[in-house]
Amino acid sequence: MGRRSYEVTRTIEASADDVWALLTDADTYPAWNRAVISIDGPIVEGASIRLVSMADPKRTFTLEVAEMTAPTRMVWTDGMPLGLFSGRRTYTITNDDPAVCEFTMAERFSGLLAGLLTRVIPDLTESFETFADGLKTAAEARSLER
């Protein structure tokens, strides 16, 4: 049976605003995010984006930016009609210290066909690790530039 969820967390020595700025600027993804081969479309609530990931370079995912609460939470969704299968990627940024935050990215798959379809979804572990590490490096460099 395929995995129904993935999650990665990083402590980042940068402000939540710096992390958010990177996460929401599709144009800068190629500079810091080796997990994403291409991303097209604005990262704004209600918009659709087209994403090609290192996890499955032959497939383009069309995702909806379903929720945005700057600078702490963003949700991307994708799925099949009637709730047969859906994916929900949630980005969360928490910070108790203005100069340090915790970034978490989680993907959950659900729906009647989740057990079947998660068997053919590639393992996202490496992609998640690469994404989080790239974000951490870029946000910390951005923070040092100030």
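A pocket here is an open set of points on a 1 Å grid over the protein atoms alone, where a 1.4 Å probe fits and protein lies on both sides within 12 Å along at least five of seven lines; lining residues have an atom within 4 Å of a point. Points are joined across faces, edges and corners, and a volume is the space filled by probe spheres set on them. This is a predicted model, in which local features need pLDDT of at least 70 and side-chain atom pairs pLDDT 80 or more, while totals for chains, interfaces and linings use all residues. Residues are numbered from 1 along each chain as its sequence is written, and side-chain values use heavy atoms, leaving out hydrogens and water.

The largest pocket has a volume of about 460 Å³. Its lining has 25 residues, with Arg59, Phe61, Asp78, Glu107 and Phe109 nearest the centre.

Now for the rings. Those of Phe, Tyr and Trp (its six-membered ring) pair if their centres lie within 6.5 Å; planes under 30 degrees apart are stacked, over 60 edge-to-face, the rest tilted. The count comes to nine aromatic pairs. In one of them, Tyr29 and Trp32 have ring centres 4.9 Å apart and planes at 55 degrees, so this pair is tilted. Tyr29 is buried (under 20% relative accessible area), at 1%. The rings of Tyr29 and Phe131 are edge-to-face, because their planes stand at 75 degrees, with centres 6.2 Å apart. Phe131 is also buried, at 3%. Tyr29, Trp32, Trp76, Tyr91, Phe103 and Phe131 form one aromatic cluster.

Conventions: Buried means under 20% relative accessible area, exposed over 50%, partly exposed in between (1.4 Å probe, protein chains only).
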